[in-house]
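Here's a quick tour of a protein model, with the cut-offs spelled out along the way. Have a look at the structure first.

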Amino acid sequence: GSALIRHLGDDAVAEFWGAHRDSQLNKFSKGIVKCWRCARCGMENDSIFPTCSREIAKVSWIPNDFEGVSEVSEVYTDDLMGAFLGRTLRLNQIVQQRLTQGGYRRGKIDSISKCSGKHRNGQPFQRNVNCPILLLGRDGSHGLDLSMVGHVFLVDKLWDASLEDQVIARAWRLGSPHRRVVVEQLLLKDSFEEDLEAMGKLRPRDLTYKMMQSVRFIREKGENTATSSSSDRGDKVVSDAEDSSICDSA
């Protein structure tokens, strides 16, 4: 999810889990996002957040000539160079800020805090977005009407066939504007999941034969292991007996 948000933007991806369910579902199905603007910093926040989540960093700026007293000021972390969604800043980290008159300045982070502006003091509003992607967890298999969906990607393999049918049925249902729903299962190449997927497509007779082969291989492997371990113990007993006979003769 974080990789999609970094590449496509926060408005293009909705995540249906946790406390964001209702607002994220409206974002995907209706293209509406309810927000509020912080009265302190002016940042747009989701309506479910009671306080503003914008970060403020206290930075000691290093002089250009590396001499004199360094200037200390507070800046928003999203105004620093190289800022992106999901970036984590640490104390004593060296950061850079681009200046309006050209160039940039470098400094060290002394502390990080939140804006913490109150929702009740902010200005509520809503905006329209184009959100083509909805991320679902296991709780997306029931209680949802996703008839507007025309493409389903199964990232993780669902070994419960009934659960997989429930997930697909959220999109493939009566009243859907799409004449067909495309479902694609993603598998890692040359992995164990790919072999199991191939076994699942076999006929029952072929699948039983494969299972019998697997059981026979496991039994043979176990017998060979037991034989080799017993022979090792026999060799050890013979060697101990030879050592004792040598000691007696001496």
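Does serine 116 count as buried, partly exposed or exposed, and at what relative accessibility? Serine 116 counts as partly exposed, because its relative accessibility is 35% (buried is under 20% relative accessible area, exposed is over 50%, partly exposed lies in between, with a 1.4 Å probe and protein chains only).

Before going on, some housekeeping. This is a predicted model, where local features need pLDDT of at least 70, side-chain atom pairs count only at pLDDT 80 or more, and totals for chains, interfaces and linings use all residues. Residues are numbered from 1 along each chain as its sequence is written, and side-chain values use heavy atoms, with hydrogens and water left out.

**Overall picture**

The protein has five helices and eleven strands (DSSP runs numbered from the N terminus: H or I of at least four residues for helices, E of at least two for strands). Of its 250 residues, 25% count as buried. Take the contacts between residues at least 6 apart in sequence: 57% join residues at least 24 apart (a contact means heavy atoms within 4.5 Å).

Most residues other than glycine have a negative phi. Here are two residues that go the other way:

| Residue | Phi | Loop between |
|---|---|---|
| Asparagine 92 | positive, about 65 degrees | β5 (71-76) and β6 (94-98) |
| Serine 116 | positive, about 60 degrees | β7 (104-114) and β8 (123-128) |

Asparagine 92 counts as exposed, because its relative accessibility is 54%.

**Around valine 33**

Valine 33 sits in strand β2 (residues 32-37) and counts as buried because its relative accessibility is 8%. Leaving out residues up to four places away in sequence, valine 33 touches Lys27, Phe125, Gln126, Arg127 and Val129. Phenylalanine 125 also has arginine 37 over its face, 4.6 Å from the ring centre (a charge sits over a ring if NZ of Lys or CZ of Arg is within 6 Å of the ring centre and within 35 degrees of the ring normal). Arginine 54 does likewise with tyrosine 76, at 3.7 Å from the ring centre.

**Cysteines**

The structure holds zero disulfides (pairs of cysteine sulfur atoms within 2.5 Å). For cysteine 52, the nearest cysteine sulfur belongs to cysteine 41, 3.6 Å away. Cysteine 52 is buried, with a relative accessible area of 3%, and cysteine 35 is buried at 7%.
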